[in-house]
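Biologist: I would like to learn how to read the contacts in a model of this kind. Please take the features one at a time.

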Number of protein chains: 4
Amino acid sequence: MSGTGVWLAGVRGSVATTAIIGALAVRAGLAESTGLVSERPGFPGGGLPELTGLVFGGHDPADVPLAKRAEQLAHAGLFPADLPARLHDDLAAVENDIVTGGAGDRTRDPAGTLARLSADIAGFRDRHALDRVVVVNVTPTEPPTPPRPEHATLAALRRAIADGAPELPASACYAYAAFEAGCGHVDFTPSVGARLPALDELARERAVPYAGNDGKTGETLLKAVLAPMFAGRNLRVNSWSGTNLLGGGDGANLADARAAESKLQAKGRLVGETLGYPVEGPLHIDYVADLGEQKTAWDHVTFQGFLGARMSLQFTWQGYDSALAAPLVLDLARFVAAAHAAGRAGPLPELAYFFKDPIGTGTHDLAAQYERLRSFAAGGCR
Amino acid sequence: MSGTGVWLAGVRGSVATTAIIGALAVRAGLAESTGLVSERPGFPGGGLPELTGLVFGGHDPADVPLAKRAEQLAHAGLFPADLPARLHDDLAAVENDIVTGGAGDRTRDPAGTLARLSADIAGFRDRHALDRVVVVNVTPTEPPTPPRPEHATLAALRRAIADGAPELPASACYAYAAFEAGCGHVDFTPSVGARLPALDELARERAVPYAGNDGKTGETLLKAVLAPMFAGRNLRVNSWSGTNLLGGGDGANLADARAAESKLQAKGRLVGETLGYPVEGPLHIDYVADLGEQKTAWDHVTFQGFLGARMSLQFTWQGYDSALAAPLVLDLARFVAAAHAAGRAGPLPELAYFFKDPIGTGTHDLAAQYERLRSFAAGGCR
Amino acid sequence: MSGTGVWLAGVRGSVATTAIIGALAVRAGLAESTGLVSERPGFPGGGLPELTGLVFGGHDPADVPLAKRAEQLAHAGLFPADLPARLHDDLAAVENDIVTGGAGDRTRDPAGTLARLSADIAGFRDRHALDRVVVVNVTPTEPPTPPRPEHATLAALRRAIADGAPELPASACYAYAAFEAGCGHVDFTPSVGARLPALDELARERAVPYAGNDGKTGETLLKAVLAPMFAGRNLRVNSWSGTNLLGGGDGANLADARAAESKLQAKGRLVGETLGYPVEGPLHIDYVADLGEQKTAWDHVTFQGFLGARMSLQFTWQGYDSALAAPLVLDLARFVAAAHAAGRAGPLPELAYFFKDPIGTGTHDLAAQYERLRSFAAGGCR
Amino acid sequence: MSGTGVWLAGVRGSVATTAIIGALAVRAGLAESTGLVSERPGFPGGGLPELTGLVFGGHDPADVPLAKRAEQLAHAGLFPADLPARLHDDLAAVENDIVTGGAGDRTRDPAGTLARLSADIAGFRDRHALDRVVVVNVTPTEPPTPPRPEHATLAALRRAIADGAPELPASACYAYAAFEAGCGHVDFTPSVGARLPALDELARERAVPYAGNDGKTGETLLKAVLAPMFAGRNLRVNSWSGTNLLGGGDGANLADARAAESKLQAKGRLVGETLGYPVEGPLHIDYVADLGEQKTAWDHVTFQGFLGARMSLQFTWQGYDSALAAPLVLDLARFVAAAHAAGRAGPLPELAYFFKDPIGTGTHDLAAQYERLRSFAAGGCR
């Protein structure tokens, strides 16, 4: 397969910028593919588009140049300081495929906005003569979306759009536009994205696959191996408390309690669902500007063993969120492109390994998710 | 199946005492089976002897009564203070099946000692008309065993025994005695146990199964889920440092640098073998008397992600080692008994889930080990 | 000095029960005075009433016997299980000096309630022919108290009481009753207590001393040494985040956001006031029922050193809040009694060492506070 | 005062390089004086030489240019990447005052080596027409020095030097050379330095002051506030365990068990001496190359409170050792210069605040040490 595009909604954000500069750096031989699951030694790669052949574009309301954003992130310690300069020409090329704006205008003219978004994506595909494009949402987390009648069926949604008053969050607009353009879609955030019955119907109608939600990059990744460990050993988890300190744009956005609510919902389900009983404990997401692009999570778990012995585990995870997320964005774009090429439509539960709140599957056990992913890849992402 | 005995070498130690009082408490309806893998809801139980039907005995050089040891452990917080009193009669019954002494005399009269150990085990089986007995070694960790000619073949070993001068550590004597008595064997410690070619030959000759080594109860349990997590995400682990603080008898024994060496060897292999490359970092085991029956492990891991971003994970595990180990001893006795009944002889790599340094298998991935155990149990431990 | 009484508002709570059983245990030779500052070897003791001579009584709305509460706390691990039984007679004697009820009825009949509270305290003093009594508030934390005209002067307060409608929180009622009875007062909680101008006026009128607020027992104790350490080394603290997990009655009460607000205000000031500039970072207090009488605090501090080097400190404090608080309650009662005997009236800033939010002093530096306390004691608490 | 020189033994090491580039950066207005105690707002500065007027030189066996070392350290994250280039000319000027070599040749020709070292220092002073020079030892930590007859008196030492066979470690040679050149001396390492009776005699003979030993920059700094906190509250510390993970040259040197021994001795005394009773617990220093210029210390403390309640504190300190040490080197040079100017000779116990193992004083309480330092400075370092 050749000619795969990745269209990033939120293309000037930290995650998207890191994904782009990373793919360019690997192509230029300036970096290794550490952090990409699909590039793990021995991982079955049949059918995946080449990492070095990906073409990038996207929407963003901001207009700060990508090269400038890359310099800021390098300064924050995310990658070597000289990388942006060494990739100057490549970044400038991507800049040409960035459309300033996005779903922000949707309330004024929904039908027009959606058509324009879709045309932007299709135009990118045509301009580069790409076989296909995967749209990835990495815009800031939205508050939870209350149910609406027009979300229930595609017909109702189309009527509401035609009437000029659909209640459609930005994340759902990008999914709509992707599907209308015949593209696969990934929601890397906890926003609603494609998770509306109307949009699922649209994806199936257009025979395109989609995946989500909310990339699993830190605290929840650890929960996904630790909770099954406790379950397997038949240890009783009594409480699981977590504090997440984030800087950067992500932290600032999540300082908004309503946006944080979506994140907390996505994070909160795993432990109880894995163990099969409710587990008490607070879960906080806090903005600490000084952390810059880093995040620090502290989790404290109390559990009981044989004869009621009381024990505890605590961990502190210190990482660069974008460095953890960016390679997964590239992985997901490749898997969704391959599934699209293999004829899959609708949700891809085989990609649960990547998500905090995976669509279409119940298990949160990371090892089981990994095995499912490996089988999927070995079978050509069919 | 009915009538299964568990013969514990080191029966008055913390782990054995907790295992016995725990099984008695579950039988009496005074405790739940938390911590037993074989009692996890939904776990395939076909073929396992009933937990409540197990009969206990063992060797120990000490002569402090089991009821007294139980009181000490209750005082240290391992289980409810009133449990020893409530199980007074049951503990007294087990006391009758404890033989003071053990392999300690072996250097003076090896052949006689081995025969006596074997007769003690067989006598226990006969006295209770048991179908079979599993011998479990929970004696203090021994220093590493240097290779010896008489360890290489059963014939050579028998000659050396007859000549009165075999170099046979205590742990190997218990394995020898178990096999000679026609019993399965578990080595829950990092000592050499049955891991001599001569003893493997004997186990096969007597058609008995065995399992080991070194129960995986804390830091290494965590490593067995965390190392595969890093590997799966293609993150590069640069260092993994660990400090283990232990009180109790186990800590005091491991304060002996030579004994600690065995433990460190068992603990140290997992990370490098799982990741496929060597990982630097010190690993300490220290005795801190004040911790009593508790242990505290701190691990510090540095790793690199995409574009070289430097990140870290640290965890602190605070637990009662015996509360973690005792249910696994009961699990293992049941699995080995079932395998024996099902006709298995020689090592049981299917039980790798329980061990730091599993015999006969390469993988340290806890999830893979768990799946193998479940399949084994579902298939009747054949 | 002889004959000192300690009247505890909230006498059946964890802190009060632990203080009483502790003083009784020391008197009976069953425990040491670990945790009492005033009993530290070499600490100047002149003028302090004997620890073993203290007489206890108090108010509490609950009627569960003190001996029963002591058993519950022993079961939770706060002190040896056999202590309540061994002190059975002494606890029964204290029980006779406990008045069920308290300030709960104040809104119906303020003047009557205040008179009754005061009479209860005076009656206790007379019954035991005590030289003096110190009233200590250890009732649950109240929400912050908004300013009211009747709080401004004693005359206004008396008028409002006479008119039957003072807005007087329970903690202030105990302070009022204490002062009216001619007793010193300690507020060990962040509630308003004696910190109303009208009550300060009353204390001076009656020539009695008082101290507060909010005992410094864990996270804030650590802040009081760590913040000066950073300041002394001229290191720039950029963020200080804290999560406090509490079980027990204290945790349950603080799960009420309004009550937690008082606590957070008391805890939050120290770092900024010590360093002289505002420091960002969230501060959480969460209820985790499983922790029982324990609390766990995790603090994460980021700071910058020479040439902007970015560094961090994190700590985890695991303790029994009542075991930390109870000896300080005894210390405070003794210091306030001695100050009363020495003729002091009004606030005692010399006792800042004990409080998160000390009355009448600006410094939060623990070492400076300790020196001031020592001088105060050496000078006879004058 | 004007014209003060700082002569660094080990001038190309991380600490010295950071101290030099830092002083140059402050002078050039490129950095603030964060981390310098003597520049803390409100700190009495009378008599201290200006930070921006210090002149640097030193000995080092290595010949890698200082500018190159600065680039390496900037790359490791110690300071901004562009700082070395911006200070290029200033660094080149210092380069002219660096003598390649040092005490390494002393065993071949002791008298000649000592005379040369002394002449190098005096030459530096004369070349820049400095009022005085302070020699600071920041060479790698040496193994403990066994007692020798020639260390006992200055006469014996001079005889042994004349005879060509003194057993004089490098650190002591720098102290000898400093004193002979009429200069004050600081030992920032745990090496023996000036702590030989013969050298103390020499310092008094030449009327020069000296200070040491072993800069207190991380784990021990925390111990110096936490141990007094426990003591003040009369809490019983039962164990204090510590693990120090270091990369960089310091870590590599301390991977040598004999050198680590000196460090462990300096670190180990504080807790027991502060509390007045021995406290168990292992103390490790380990080399983890991946940490680069960073170090991570984890300490675990168990303690008992009132009625025997068992509690714990653990902390993790993550810092750049050189960023913590370098400003203290500058502070110390300034304080010793001022003391020299004020006529002090012999040890300066007033500088205990800076050291793990302070000369001439018993207290390890950081707050008390700070007060003593402040008084000393306020009194003109007399």
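Modeller: Start with charge pairs. Side chains of opposite charge can pair when their charged atoms come close. Over all chains, the structure holds 78 salt bridges, a salt bridge being a side-chain nitrogen of Lys or Arg within 4 Å of a carboxyl oxygen of Asp or Glu. This is a predicted model, in which local features need pLDDT of at least 70 and side-chain atom pairs count only at pLDDT 80 or more, while totals for chains, interfaces and linings use all residues. Residues are numbered from 1 along each chain as its sequence is written, chains are lettered from A and ligands numbered from 1 in the order in which they are written, and side-chain values use heavy atoms, with hydrogens and water left out.

Biologist: Which parts of the chain does the pair Glu39(A) and Arg334(A) link?

Modeller: The side chains of Glu39(A) and Arg334(A) form a salt bridge at 2.8 Å, N to O. Glu39(A) lies in the loop between H1 and strand E2 (55-60) of chain A, and Arg334(A) in helix H12 of chain A, 295 residues apart. Helices (H or I, at least four residues) and strands (E, at least two) are DSSP runs, numbered from the N terminus.

Biologist: How is the interface between chain A and chain B described, and what area do they bury?

Modeller: The size of an interface is often given as the accessible area lost when the parts come together. Chain A and chain B bury about 4500 Å² between them, 65% of it on carbon and sulfur atoms; buried area is the accessible area (1.4 Å probe) that two parts lose on being put together, summed over both. Arg233(A), Phe306(A) and Leu307(A) supply 22% of the area that chain A buries against chain B, more than any other three residues. In terms of contact (heavy atoms within 4.5 Å), 62 residues of chain A meet 63 residues of chain B.

Biologist: How many salt bridges and polar contacts are there between chain A and chain B?

Modeller: Zero salt bridges are counted between chain A and chain B, but 18 residue pairs are in polar contact, both at pLDDT 80 or more. A polar contact is a pair of N or O atoms within 3.5 Å; within protein, one must be able to donate a hydrogen and the other to accept it, and residues adjacent in sequence count only if both atoms are side-chain atoms. E10(A) gives the most to the side of chain A that touches chain B, with eleven residues.

Biologist: How does E10(A) run relative to strand E10 of chain B, parallel or antiparallel?

Modeller: Strands of a sheet pair through backbone hydrogen bonds, either parallel or antiparallel. Here seven bridges join E10(A) to strand E10 (residues 310-320) of chain B, and the two run antiparallel; strands pair if DSSP finds at least two bridges between them. Gln318(A) stands opposite Ser312(B) in E10(B).

Biologist: Which domains make up chain A?

Modeller: Chain A is divided into domain 1 (4-215 + 323-378) and domain 2 (219-320), with bounds from an automatic or database domain assignment. Their centres, taken over C-alpha atoms, are 26 Å apart. The two domains of chain A bury about 1800 Å² between them, 60% of it on carbon and sulfur atoms. One salt bridge is counted between domain 1 and domain 2 of chain A, along with seven residue pairs in polar contact, both at pLDDT 80 or more.
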